[in-house]
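Colleague: I have just opened this entry and would like to learn how to read its features one at a time. Could you take me through them slowly?

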Amino acid sequence: MQYSKPLHIESFEQDRNHPKVALKILLVFIISIITAILSMLVTDITQTLIDSGLSKQQAEQSATIAKYGGAIGAVISVWFTIGLSMLIVFVIAKIFKSDARAKSMFASILRYTIITGIIALIILVIQWIANIDPQQISIDSLNIFDPGNTKLGLIRLTTLISAWLFGVILHSTLHLSKKTSWTFIIIYIILFILIPMLFI
């Protein structure tokens with residue numbers, strides 16, 4: 001197969017031929033838990049609840065439950081996203097008659113989740129150190145130039161990297177063509193950036 005350099009990463013190719021998932025699963029758990037805890041520290045839940053209409057006293061009483069509930073929900077949502085991603089990649093593989101094994105797809109999705117999770121974690125650490133509330137400003141999005149602007153907040157570096165890595169999975173692991181992989185990258189950007197902008 002002739003690879004497209006921007007979409008070929010050797011480690012994703014290795015996931016096709018020699019998929020290993022045990023260590024990746026552990027890393028996903030560790031990264032998601034650390035991210036959830038850090039999100040609790042960075043986000044001002046009390047102020048968010050006050051902004052939603054609660055009194056200061058009610059907000060302070062509800063903040064602890066909201067923090068822990070949000071942290072648990074964040075960890076669960078990571079695995080829900082992995083499951084959904086697996087389903088989507090599996091369907092694409094069947095449509096385009098890829099001979100990649102299900103375990104190979106799963107290993108690549110876990111690698112994808114680890115990479116994007118580490119990037120998100122680095123961004124959270126920077127925001128924590130700089131004392132920047134991610135609900136107001138996300139330093140990896142264009143709303144850094146206009147805090148609170150939700151449309152600009154959708155244009156995120158992490159989303160663009162996620163779209164590219166999705167294409168890498170299709171090209172390097174599933175061995176789909178360069179054209180098909182780039183088409184799905186564009187679809188990813190439309191679904192997660194352009195269409196949500198229409199509803200804000």
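Modeller: Let us begin with aspartate 140, which lies in the loop between helix H5 (102–129) and helix H6 (150–154); helices here are DSSP runs of H or I with at least four residues, numbered from the N terminus. Please keep in mind that this is a predicted model, in which local features need pLDDT of at least 70 and side-chain atom pairs count only at pLDDT 80 or more, while totals for chains, interfaces and linings use all residues. Residues are numbered from 1 along each chain as its sequence is written, and side-chain values use heavy atoms, with hydrogens and water left out.

Colleague: Is aspartate 140 buried or exposed?

Modeller: Buried means under 20% relative accessible area, exposed means over 50%, and partly exposed lies in between, with a 1.4 Å probe and protein chains only. Aspartate 140 has 9% relative accessibility and therefore counts as buried.

Colleague: Which residues does aspartate 140 touch?

Modeller: Contact means heavy atoms within 4.5 Å. Not counting residues up to four places away in sequence, aspartate 140 touches Ile123, Ile155, Arg156, Leu157 and Thr158.

Colleague: With which side chain does the side chain of aspartate 140 make a polar contact?

Modeller: A polar contact is a pair of N or O atoms within 3.5 Å; within protein, one must be able to donate a hydrogen and the other to accept it, and residues adjacent in sequence count only if both atoms are side-chain atoms. The side chain of aspartate 140 makes such a contact with that of serine 138, at 2.6 Å, and the side chain of threonine 158 makes one with that of aspartate 140, at 2.7 Å. Threonine 158 has its place in helix H7 and, at 15% relative accessibility, counts as buried.

Colleague: How many salt bridges are there?

Modeller: A salt bridge is a side-chain nitrogen of Lys or Arg within 4 Å of a carboxyl oxygen of Asp or Glu, and by this rule the count comes to 4. In one of them, arginine 156 pairs with aspartate 140, the closest N and O atoms being 3.2 Å apart. This pair links distant parts of the chain, 16 residues apart, with arginine 156 in the loop between H6 and helix H7 (157–173). Arginine 156 counts as partly exposed, at 29% relative accessibility.

Colleague: Which residue forms a salt bridge with aspartate 99?

Modeller: The side chain of aspartate 99 meets that of arginine 16 in a salt bridge (2.3 Å, N to O). Aspartate 99 lies in the loop between helix H4 (56–95) and H5, and arginine 16 in helix H1, so the pair ties together parts that are 83 residues apart in sequence. At 61% relative accessibility aspartate 99 counts as exposed, whereas arginine 16, at 11%, counts as buried.

Colleague: Which residues are linked in a network of salt bridges?

Modeller: The network links Asp15, Lys24 and Arg111. Within it, the side chains of arginine 111 and aspartate 15 meet in a salt bridge (2.6 Å, N to O). That pair joins helix H5, which holds arginine 111, to helix H1 (residues 10–17), which holds aspartate 15, across 96 residues. Aspartate 15 is buried, with a relative accessible area of 1%.

Terms used: Helices (H or I, at least four residues) and strands (E, at least two) are DSSP runs, numbered from the N terminus.
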